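Thanks for coming. I will go through one structure, starting with some strands, then salt bridges, then a pocket.

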Amino acid sequence: MRKRVIILAALLVLPLCVVLSVVAQQSLTQGQVPKHSAPSASATLPPAGAAPSVPAGSTSTAPLASSTTLPEPAAGTNAIITLENSPVTAPSGLFMQSDGTLIISDPFQHALWKQEKTGHLIKLAGQPAQGYLDGAIQKAAFESPWAVVPYLGGYAVTDMGNNAVRYIGAKEVSTIAGSTVAGFADGLGIKASFDAPTGLATDTKGCLYLSDTGNHAIRHIDTKGIVTTLAGGTAGCAVGTLQQARFREPTGLCCVGNVLYVADSGNNRICKIENNMVTAIAGDPTKGGGFQDGTGAMALFAHPQGLASDGTTVYVSDTGNGAIRVIREGVVSTLLHYGCGVGGLYPVSPRGIILHEGSLYIGDTFARVVFTVKL
């Protein structure tokens, strides 16, 4: 139980610690690097009820999207989606449909939102109060939906606080696997168990990969709902075969072809799983986190939580540093960081990151903004 409390505190409180660190450095000039601030278990987050409540299936009167061209944007960036006047509290996971509809998971509002291409914001599912309830989509309840990806014609969602993977269909919400009880077991559907699942990815076969953060493992769910453990299961830091590999509180995932990228957050490194082997492509777990560009282990991250890739380049939400990093041919560089990013305001605490039609879409959980970077 103590381990679970620590994990949840780290994942939920980290955004506040990042913004406190950033606010203290508002006098930074362009080109300076923000210092890393470690999570604080005593910090508090704004209450979810602070934002307007919107019933599932209804349209918010406050638009989620507004097109804005900022003066002299850094690296060709444009912040095009702002959430300041919307009921969205903490944009976490993102998924873009082929028609331009953006799906957003919001752990602090216990909800998922649909941003239509027309600009209308609709609550897809969730209630004002946290809970756990399957059934009609208008009545379904979540605790802390962390990531969202396409699955079997609907959406799969990691409900971190409920230790479950949920499914959102056209009219109903159901549980794919797991339950409200934390554990570590493979099996079919609710016979399987997780401990604070976070990151999600889908492969070309329609199967799911998820970061079982509290169990320090990467799990696999096939299209029948059968859960198996791909790698990990004990906290540590090791590469090698799937049986030898060890992670520490992994979060963000990204699957491209036959390669699965893993944000090994607790080890402050980025790994990849390919041909049944786990390798580290960037980051040095012995440094305890940091902010430094360079090749391979010379580069430093601070609790990275989001990944996207086009197959050759990996984009990283370096959450603890308030930065977006790029890994290309083993070399890590910084695309954006606070003070030198979009309008000098973002990123603060980036998490969800996706690549769509030549642009990155990034959910910043504390800044309450989804912004894009035109590559």
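**Strands, salt bridges and a pocket**

Strand E19 (residues 269-274) and strand E20 run antiparallel and are joined by five bridges. Before going on, a word on the source: this is a predicted model, in which local features need pLDDT of at least 70 and side-chain atom pairs count only at pLDDT 80 or more, while totals for chains, interfaces and linings use all residues. Residues are numbered from 1 along each chain as its sequence is written, and side-chain values use heavy atoms, with hydrogens and water left out.

Strands here are DSSP runs (E, at least two residues), numbered from the N terminus, and two strands pair if DSSP finds at least two bridges between them.

Back to E19 and E20. Glu 274 has Met 277 in E20 as its bridge partner. Two residues lie between the strands of this hairpin, and Asn 275 takes a positive phi near 55 degrees there. E20 (residues 277-282) also pairs with strand E16 (residues 240-241), antiparallel, over two bridges.

Next, salt bridges, meaning a side-chain nitrogen of Lys or Arg within 4 Å of a carboxyl oxygen of Asp or Glu. How many does the structure hold? There are eight salt bridges.

One of them links Lys 272 and Glu 274, at 3.3 Å from N to O. For accessibility, buried means under 20% relative accessible area, exposed over 50%, and partly exposed in between, with a 1.4 Å probe and protein chains only. Lys 272 is partly exposed at 24%, and Glu 274 is partly exposed at 29%.

Asp 264 and Arg 269 form another salt bridge, at 2.7 Å from N to O, and both residues are buried. Arg 325 and Asp 318 also meet at 2.7 Å. Arg 325 is buried, at 0% relative accessible area, and Asp 318 is buried at 0% too. Finally, Asp 134, Asp 159 and Arg 166 are linked in a network of salt bridges.

Last, the lining of the largest pocket. Which strand supplies the largest share of it? Strand E26 does, with six residues. E26 covers residues 350-356, and the strands that each supply at least two lining residues also include E2 (94-96) and E17 (253-256). The lining divides into 19 nonpolar, 10 polar and two charged residues. In that count, Ala, Val, Leu, Ile, Met, Phe, Trp, Tyr, Cys and Pro are nonpolar, Asp, Glu, Lys and Arg are charged, and the others, Gly among them, are polar.

Methods. Helix = DSSP H or I, 4+ residues; strand = E, 2+ residues; numbered from the N terminus.
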